[in-house]
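Try each task before reading its solution.

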Amino acid sequence: MPLGRRLRYGMVGGGPGAFIGAVHRRAAALDGLAELVAGAFSSTAAKSQAQGRELHLDPARVYASYAEMADREAALPAERRIDFVSIVTPTHLHYPVARVFLERGFHVVCDKPMTTTLEDAESLRALVGAGTSVFALTHNYAGYPMVRQARALVRDGALGTIRKVVVEYAQDWLSAPIEEEGNKQASWRTDPAQAGISSSIADIGSHAEHLARYVTGLEPERLCADLTTFVPGRQLEDDANMLLHFAGGARGILYCSQVSTGEENALKLRVYGTEASVEWRQETPNTLALRRQGRPEEILKRANGYLAPASVRATRLPPGHPEGFLGAFANVYANAMRTMAARIAGETPDPLDLDFPTVDDGVRGVHFIHAAVRSGREGGWVDARYVAPAR
């Protein structure tokens, strides 16, 4: 770390009963690059203070609201204030929280999807572009070593010209209306006021789309989506199936579902080129299958010297010692935090540290969600190309 110290960060969201906040805290702490010193963990002041006590924080730096936190942290001396904020709230709060901290010059790590509307996403993109803040989006599956190896193979031309991309993300946890039973995670994800226009696509389909785009470098140009709400009374879709046309002529299939009985967290990616194909599965993440016509299948394993530098860099343990979800999440944090530290120190970041999802990935993800929902509502193919407004 060029600063010679750990970064200081604050968290918005992640209070009592939250799932993803604890994941972010563990990921941020894994490499010893940052310490949590402040937070506005809940919209209820008492709950925020309770979470602060559990985390052994100074009560004076546990705030009743994110706005109070942004103002009071910005007023602290540079040697005390937070360097970045981690946003782990329901989606509808991502934009206002990110905006207020970006406007005060803080770096930002935000859970996905970035916003509920494309207008808000473009607004954040403009704010980041106009300042010096690092903005990282936690599409954590991009942090797996063998996902980075797959990306390197595509970039190096080992697969040839990409012809077909198949990505699926299947879960079953929303197979019953558990939001009606008070399940906190289900309640906000199925509520349009908090999740926006989509549930399944925004929650896990956005991960699938980002994974396919990250590995292949291909942008979707057109898509045709079939959206279904299987659970009676649910306001948003819980299952989606899409056909994709990518720039350059490749074709794709994306399936995301949270009512696929018996599935736990089955994110899978297959990429087929003219020379070879690769397959990666999140539930067995330490291997990558490489297949060539007429030749035996090769199984590439994490942490070996024959892998690309980006894959090796994302590995903490020797071969045979499995790594998984938290390590991948931590890789996104570590790269973003090392980039922040370099910026603060006035140094140029290591190119390998720039390998994390950014505000541009966030805008593309929100655009994809809206295009898929539009196709599902209107029926048929829609234009899925994202054209960034001039800055």
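The exercises below treat a predicted model, starting with its sheet and ending with its nonpolar cores.

**Exercise 1.** Find the strand order of the open sheet, and say which strands stand at its edges.

*Solution.* Begin with the order. Five strands line up as β2-β1-β3-β4-β5. Their pairing is parallel, and the sheet is open. Now take the ends of that order. β2 (34-40) and β5 (135-137) each have a single partner strand, so one side of each is left without a neighbour in the sheet. From one strand to the next, it averages 20°.

**Exercise 2.** Describe how β1 pairs with β3, then name the strands that helix α3 touches.

*Solution.* Locate β1 at residues 7-13 and β3 at residues 84-88. Five bridges join them, in the parallel sense.

**Exercise 3.** Which residues have the most contacts inside the largest nonpolar core?

*Solution.* Start with the core itself, which has 49 residues. L159, V215, L223 and W280 have the most contacts inside it. Next, look for the main contributor. Helix α9 (residues 200-216) gives the most, with eight residues. Now follow W280. Leaving out residues up to four places away in sequence, W280 touches several others, including Y141, M146, L211, L267 and P285. Finally, look beyond this core.

How values were computed
Residues are numbered from 1 along each chain as its sequence is written. This is a predicted model: local features need pLDDT of at least 70, side-chain atom pairs count only at pLDDT 80 or more; totals for chains, interfaces and linings use all residues. Side-chain values use heavy atoms; hydrogens and water are left out. Two strands pair if DSSP finds at least two bridges between them. Helices (H or I, at least four residues) and strands (E, at least two) are DSSP runs, numbered from the N terminus. Axes are lines fitted to C-alpha atoms, for helices over the stretch in contact, and angles run from 0 to 180 degrees between N-to-C directions. Contact means heavy atoms within 4.5 Å. A nonpolar core is a set of buried Ala, Val, Leu, Ile, Met, Phe, Trp, Tyr and Cys residues joined through side-chain atoms within 4.5 Å. Buried means under 20% relative accessible area, exposed over 50%, partly exposed in between (1.4 Å probe, protein chains only).
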